[in-house]
Amino acid sequence: MDQKLNLYRFLVGLADDSVVLSHRLSQWCSNGPYLEEDIALSNVALDYIGRARMLYQYAAEVEGEGRSEDDIAYLRNEREYTNLLIHELPINDFAFTMLRQFFVDVFYCEYLARLCHSTDERLAAIAAKSVKESRYHLKRSEPWIKQLAEGTEESLRRIKTALAELENFVGELFVMQDWEKELADNGIAVDRNQLKVGWDHYVQKLLGESNIVFADSQLQIQGGRDGIHTEHLGHMLSEMQFLQRAYPGLKW
Amino acid sequence: MTTKNSQVDPSGKLIPTYTPEFAERQARRQKSSCGKIWDLLDQVHDPELPGLSIWDLGVLQNIKPLNGGWEIEVTPTYSGCPAVETINEDILKVLKNAGVGEVKVTLVLAPAWTTEMISPAGKSHLKRIHIAPPDVNDEVLCPVCDSNDTRLVSQFGSTACKALYQCLACHEHFDYFKHF
């Protein structure tokens with residue numbers, strides 16, 4: 001297949017992951033459990049929107065059809081979004097949000113560290129910027145998981161409930177698309193398969209310290225990169241895209 | 001107290017150290033043929049850090065002549081930092097008022113910004129406005145009383161680049177500019 005089209009799909013997929021998670025995190029703004037945590041969640045959201053912008057801008061240039069980053073983010077429908085499903089799940093409660101964050105933080109710390117060595121210099125620069133942010137996010141999400149798992153009966157119950165849902169969505173983080181494999185063979189993309197063992201080890205060790213068993217779920221829900229989503233994404237996009245749909249071309 | 005990012009002068013005052021990253025930027029500025037433009041841009045400050053210039057912060061990376069005008073290369077601190085837009089507008093405003101011809105602001109991502117790019121003067125300035133300057137080992141000293149008896153209150157403070165701390169000696173709450 002055409003390398004340019006592959007690169008475009010790859011960039012948009014990563015950008016969609018970021019923008020969707022960013023929007024979810026931003027839904028905590030003014031709803032955080034306390035002020036400092038509210039600010040922290042919003043700041044993490046800001047890092048992800050920045051990451052999404054760098055990737056969309058690059059994708060728009062690669063596509064070369066005069067579309068802007070905003071056109072790609074705000075004017076595509078649910079089926080055209082290709083984010084991995086874990087990013088789009090609703091925020092639920094704080095335990096769910098933090099467990100998802102911990103899972104993706106562990107993933108991105110390793111994924112982006114490898115993407116820093118991409119033969120595509122622009123992609124490597126974006127990864128170098130982003131990996132530092134993810135490392136900082138992990139410094140915050142990891143102690144929270146320990147605190148919630150070893151806190152009260154109620155906080156432990158919530159972590160276990162979150163785990164029962166999220167374990168069905170983590171597998172997709174490690175699935176390679178055919179076009180992604182071609183990019184990885186050329187040194188542009190990262191082979192996600194290779195990250196699974198390290199990720200499992202890291203997560204199982206941390207949860208194990210709090211006596212929580214984490215095993216591979218039999219049910220692995222997939223489809224994000226093909227535009228097949230959970231029922232939640234459409235609702236989220238209707239909120240996220242409302243302004244640009246109602247007032248086309250509106251600018252700050 | 002001497003940390004990797006600062007030294008003590010004979011009077012006992014902390015002086016921020018001169019990092020290789022800053023030395024490289026300084027050499028670039030000194031060798032540059034666009035001296036007056038660098039000087040003009042010393043007026044442009046980060047909107048969230050009162051009095052700290054984009055030069056001292058490390059956001060201003062390079063200036064190049066471009067078709068009779070100038071290309072200004074800036075790098076964002078954090079990828080989602082909303083101050084970038086304001087900084088770009090301020091650069092254009094200052095250079096337009098100075099009448100130096102066409103100006104183009106370009107965002108560069110590599111090398112990724114790090115707090116090591118902040119000038120020694122910039123670190124001193126942060127301390128003066130009661131923001132603890134970044135430290136390699138995240139050893140946070142109170143910017144008011146220099147005590148190292150401080151505690152982390154929140155990993156994010158008033159902006160993405162800062163964390164909130166409290167000094168347990170003088171009880172002051174303050175922002176720490178995170179080592180990044």
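Visitor: How many residues does the contact take from chain B, and how many from chain A?

Guide: This is a predicted model. In general, the size of an interface is often given as the accessible area lost when the parts come together. Here the contact can be read by residue count: 14 residues come from chain B and 19 residues from chain A. On the side of chain B that touches chain A, 10 residues are nonpolar, four are polar and none is charged.

Visitor: Which confidence values does the predictor give the complex?

Guide: The complex has an ipTM of 0.83 and a pTM of 0.91. For chain B, the mean pLDDT is 90, with 92% of its residues at 70 or more. Where pLDDT is low, the predicted coordinates should not be read in detail.

Visitor: Which residues touch the most other members of the largest nonpolar core?

Guide: They are A:L11, A:L55, A:A59 and A:L99, in a core of 107 residues. Helix α2 of chain A, residues 35-63, gives this core its largest share, 14 residues. Chain B takes part too: domain 1 (16-116) and domain 2 (118-177) each supply at least three residues to this core.

Visitor: What is A:A59 in contact with, leaving aside its neighbours within four places in sequence?

Guide: A:A59 is in contact with A:Y8, A:L11, A:V12, A:A15 and A:I72. There is also a second, separate core of five residues, and among them are A:L233, A:M236, A:L237 and A:M240.

Visitor: Which domains does the assignment give for chain B?

Guide: The assignment gives domain 1 (16-116) and domain 2 (118-177). Their C-alpha centres lie 24 Å apart. Between them, 15 residues of domain 1 of chain B are in contact with 16 residues of domain 2 of chain B. The domain 1 side of that contact has eight nonpolar, five polar and two charged residues.

Visitor: Where is A:N92 found, and what is its phi near?

Guide: A:N92 is in the loop between α3 (69-74) and α4 (94-115) of chain A. Its phi is near 50 degrees, a positive value in a residue other than glycine. A:N92 counts as partly exposed because it has 16 C-beta neighbours inside 10 Å.

Visitor: Which loop of chain B holds B:D146?

Guide: B:D146 is in the loop between β6 and β7 of chain B. Phi of B:D146 is near 65 degrees, again a positive value in a residue other than glycine. With 16 C-beta neighbours inside 10 Å, B:D146 counts as partly exposed. B:E139 is also found between β6 (131-132) and β7 (150-154) of chain B. B:E139 has 15 C-beta neighbours inside 10 Å, so it counts as partly exposed. B:E139 and B:T150 are 11 residues apart in sequence, and their C-alpha atoms are 9.0 Å apart in space.

Visitor: Is the peptide bond from B:A110 to B:P111 cis or trans?

Guide: That bond is cis, with omega near -5 degrees. B:P111 is in the loop between β5 (103-107) and α5 (120-128) of chain B.

How values were computed
Residues are numbered from 1 along each chain as its sequence is written. Chains are lettered from A and ligands numbered from 1 in the order in which they are written. This is a predicted model: local features need pLDDT of at least 70, side-chain atom pairs count only at pLDDT 80 or more; totals for chains, interfaces and linings use all residues. A nonpolar core is a set of buried Ala, Val, Leu, Ile, Met, Phe, Trp, Tyr and Cys residues joined through C-beta atoms within 7 Å. A residue is buried if 20 or more other C-beta atoms lie within 10 Å of its own, exposed if 12 or fewer, and partly exposed in between; C-beta atoms are placed from the backbone. Helices (H or I, at least four residues) and strands (E, at least two) are DSSP runs, numbered from the N terminus. Domain bounds come from an automatic or database domain assignment. Two residues are in contact if their C-beta atoms, placed from the backbone, lie within 7 Å. Ala, Val, Leu, Ile, Met, Phe, Trp, Tyr, Cys and Pro count as nonpolar, Asp, Glu, Lys and Arg as charged, and the others, Gly among them, as polar. pLDDT is the predictor's confidence in each residue, from 0 to 100.
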